[in-house]
Amino acid sequence: MKKIWCSGTTYEIGYTHGVEAAGEIKNAIIFYADLFMKHSRLDWSQVKLLARSFHDTIKTQWPQYHKEMEGIANGAKCELLDIIALNVRTEIVFGKFSDGCTSLYYGRDGAAYLGQNWDWMEAQKSNLIQLTIIQDGLPTIKMITEAGIIGKIGLNSAGVGVCFNAIRAKGLDMTRLPAHFGLRVALESTSALGAVEKLERIGLASSAHILIGDPGTAVGLEFTSTSTARVAINPSGFLVHTNHMLLQHANICEPKWLDDSPVRLHTVEEKISQAGGRLSWEHFNGIFEDETNYPCSINRAAEGSSDLATLFNIVMDLGTKKAIVRIGRPVQGNNSEEKVLLQFP
């Protein structure tokens, strides 16, 4: 996996990202162009036209992110609307295609572990990058992201970690934050509760679940385009989420999507119960290797009825500010395709 360090002004951060990941960005555009055509009958010029609808709001409300995307576009020698389209791809398609994931926080006996499997189409795996972002006055960020996208899954130097679950509840409000910008806002925060309060004030443009943790606590935030609800840590000290709403949201239509989402949720809860409610670091890692209900399991494979696979697993120890990323489907021992260590002093 390509490792990129970005620092300086927001434009310079984006420019470095664009230059270093130019090939992966171009390939990501090709990947999503094919996906939009297949699932929405939209060619890439039509997708960019829809992305243009977000341009003015982003430039006015979040100019730092607009400037960073300008830098990415110039560095990668592509159009700004290409980069905006990548970053708002969730909002453009209204949930017609979404990545499936299982995320978990465990906080008990002094531990603060956060992790997830990110499940998506295998053709996009080669376009994943490890991005380190150093900004004046903000925590340093280390995340795994799709090339060209400015916010994804990872942790920061303040010990705040972020995971993401796609949700398919209908609705769109372009005055609110696109989901990937919401992840970036969380990663620029100095505490989980600080991130939660910021995101609750702004709201997200479309439905999603963002799990935010730090060494002291965690909160799951379920979003629709009109509502926000907090999922709390349960009395046993953990919080698990998959790809369906756990809480009630008024006047929201959530079409049935992944039949395995409740199964994966139950499997995590069962694994924790079998461990007596207490998880070691090894137990926590092992949950993401589970193949119950294969291929539509926590450790997902693109076989049979499943067109998604786990492209990476990330587990974070927020107390020590480190994360281990296993590329591909996580397996026991040292047999993963590649391991990446994200760590702060």
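**Exercise 1.** Which residues does Asp 317 touch, not counting residues up to four places away in sequence?

*Solution.* The structure is a predicted model, so local features are read only where pLDDT is at least 70. Begin by placing the residue: Asp 317 lies in strand 12. Next, list the contacts that remain once residues up to four places away in sequence are set aside, which gives Ala 112, Tyr 113, Trp 281 and Lys 322 as the partners of Asp 317. Then turn to accessibility, where the cut-off for buried is under 20% relative accessible area; Asp 317, with a value of 14%, is therefore buried. Finally, for a distance through space, take Glu 269, which is 48 residues from Asp 317 in sequence and 20 Å from it in space, C-alpha to C-alpha.

**Exercise 2.** Determine whether the two partners in the salt bridge between Glu 146 and Lys 152 are buried or exposed.

*Solution.* Start with the pair itself, whose side chains meet in a salt bridge with an N to O distance of 2.8 Å.

**Exercise 3.** Work out which parts of the chain are tied together by the salt bridge between Arg 300 and Asp 260.

*Solution.* The side chains of Arg 300 and Asp 260 meet at 2.8 Å, N to O. Arg 300 lies in the loop between helix 10 (281–287) and strand 12 (309–317), and Asp 260 lies in the loop between strand 11 (238–241) and helix 9 (261–274), so the pair ties together parts that are 40 residues apart in sequence. As for accessibility, Arg 300 is buried at 3%, and Asp 260 counts as buried at 5%.

**Exercise 4.** Describe the salt bridge between Lys 271 and Asp 290, giving the location and accessibility of each partner.

*Solution.* The closest N and O atoms of Lys 271 and Asp 290 are 3.4 Å apart. Because Lys 271 lies in helix 9 and Asp 290 in the loop between helix 10 and strand 12, the pair ties together parts that are 19 residues apart in sequence. With regard to accessibility, Lys 271 counts as partly exposed at 30%, whereas Asp 290 is buried, with a relative accessible area of 10%.

Note on methods:
Residues are numbered from 1 along each chain as its sequence is written. This is a predicted model: local features need pLDDT of at least 70, side-chain atom pairs count only at pLDDT 80 or more; totals for chains, interfaces and linings use all residues. Side-chain values use heavy atoms; hydrogens and water are left out. A salt bridge is a side-chain nitrogen of Lys or Arg within 4 Å of a carboxyl oxygen of Asp or Glu. Helices (H or I, at least four residues) and strands (E, at least two) are DSSP runs, numbered from the N terminus. Buried means under 20% relative accessible area, exposed over 50%, partly exposed in between (1.4 Å probe, protein chains only). Contact means heavy atoms within 4.5 Å.
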